[in-house]
Amino acid sequence: MKKFAALILAILMITVIFAGCGSSDGIKIGVQTTTTGDIYASGDFGEDAITRYDNGALAVEALKNGKVDCVIIDNEPAKSYVAANTDLKILETEYAVEDYAICFQKGSKLKADVDAALKALIDDGSVKKIVDKYINASGEALVGVPVTAVDTDKPNLVMATNAEFPPYEYIDGDKYYGIDVEVAKIIADKLGYDLVIENVAFDSIIPGVQTGKYSMGMAGMTVTEDRLKEVDFSSTYATGIQVVIVKEGGKINVIEDLDPYYLPKE
């Protein structure tokens, strides 16, 4: 019995030692599920390194609580999170650069109309004006869209979004605000629609657009090869940057700390 007990104890000690070694080596990366941060990071570092959250705020909270070592997310929302948390910072090196566009059901006739309106609004400087007031604080008044849709005689343009992604879309009081919200509104106005916004989980946007539940999806959405198989995209209206948020004084101080073989994307 003594020999048996000693053997069991030895096995337990070896198990603990190996478990400890395994847990100290890996880096945990927080992402918002199905975003390009999720797609890129899981491809670069593997599924074991990724912890997914329903929104960026939850991922950042996990970083603050030590559950993950960093968060990969779009630059503009990252700025908002870091501004609200003095113990966090954004690494200097960009993780990835991407284009944002509006998604539509495959073969949707609406896409051509929206593309034509979007081109005109880019050409006349309207889209840049909206981007500048949110990102560069130009001082222009923000224009919101009511959370509760108002019935009018106009047809509805139903936009699916995830309104937890400032400054692209967020809720303040009883209205939606953000770059995507205002760009969608001026498109709707130009085409003679009332813009109706449906706030849903990010990973519900493309399935809802595919089935025709929503007219279009707009949520800081990057054009990727996989998404192009599922939906059509408009022309690009903004450029996004994926960055890495870390804790001040943490174990990640430069982007190369994520992985000894990691090279930033071009």
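Helix 2 is followed by glycine 46, whose phi is positive, near 90°. I start there and work back into the helix. Before that, the basis: this is a predicted model, in which local features need pLDDT of at least 70, side-chain atom pairs count only at pLDDT 80 or more, and totals for chains, interfaces and linings use all residues. Residues are numbered from 1 along each chain as its sequence is written, and side-chain values use heavy atoms, with hydrogens and water left out. Helices (H or I, at least four residues) and strands (E, at least two) are DSSP runs, numbered from the N terminus.

Buried means under 20% relative accessible area, exposed means over 50%, and partly exposed is in between, with a 1.4 Å probe and protein chains only. The buried residues are Thr36, Gly37, Asp38, Tyr40, Ala41, Ser42 and Phe45. What do the buried residues of helix 2 pack against? The partners are strand 1 (29-32), strand 2 (50-53), strand 3 (70-74), strand 5 (96-100), helix 9 (225-228) and strand 15 (238-247). Contact here means heavy atoms within 4.5 Å.

Next, helix 3, residues 56-64. Its buried residues are Gly56, Ala59, Val60, Ala62 and Leu63. Seen down the axis of helix 3, these fall within an arc of 155°, so they line one face of the helix. The arc is that of the directions from the helix axis to the C-beta atoms. As background, an α-helix has 3.6 residues a turn, so residues three or four places apart point the same way. The cover over the buried residues of helix 3 includes strand 1, strand 2, strand 3, helix 4 (75-83), strand 4 (88-90) and strand 15.

Now the two ends of helix 3. At the start, a side-chain oxygen of asparagine 55 comes to within 3.1 Å of the backbone nitrogen of alanine 57. After the helix comes glycine 66, with a positive phi near 80°.

On to backbone geometry. Most residues other than glycine have a negative phi, and most peptide bonds are trans. Threonine 34 is not a glycine, yet has a positive phi of about 65°. Threonine 34 sits in the loop between strand 1 and helix 2 and, at 31% relative accessibility, counts as partly exposed. Alanine 137 also has a positive phi, near 50°. Its place is the loop between helix 6 (126-135) and strand 7 (145-146), and at 63% relative accessibility alanine 137 counts as exposed. The peptide bond from proline 166 to proline 167 is cis, with omega near 5°. Proline 167 lies in the loop between strand 9 (164-165) and strand 10 (169-172).

Last, the pockets. On a 1 Å grid over the protein atoms alone, a pocket is an open set of points where a 1.4 Å probe fits, with protein on both sides within 12 Å along at least five of seven lines; lining residues have an atom within 4 Å of a point. The largest pocket holds about 240 Å³ of space. Which element gives the most to its lining? Helix 8 does, with 5 residues. Thr34 is among the lining residues, as are Ile39, Asp226 and Arg227.

The second largest pocket has a volume of about 200 Å³. Of the 14 residues that line the second largest pocket, Val145, Pro146, Lys185, Asp194 and Leu195 are the closest to its centre. For both volumes, grid points are joined across faces, edges and corners, and the volume is the space filled by probe spheres set on the points.

Terms used:
Polar contact = N/O pair within 3.5 Å; in protein donor to acceptor, adjacent residues only side chain to side chain.
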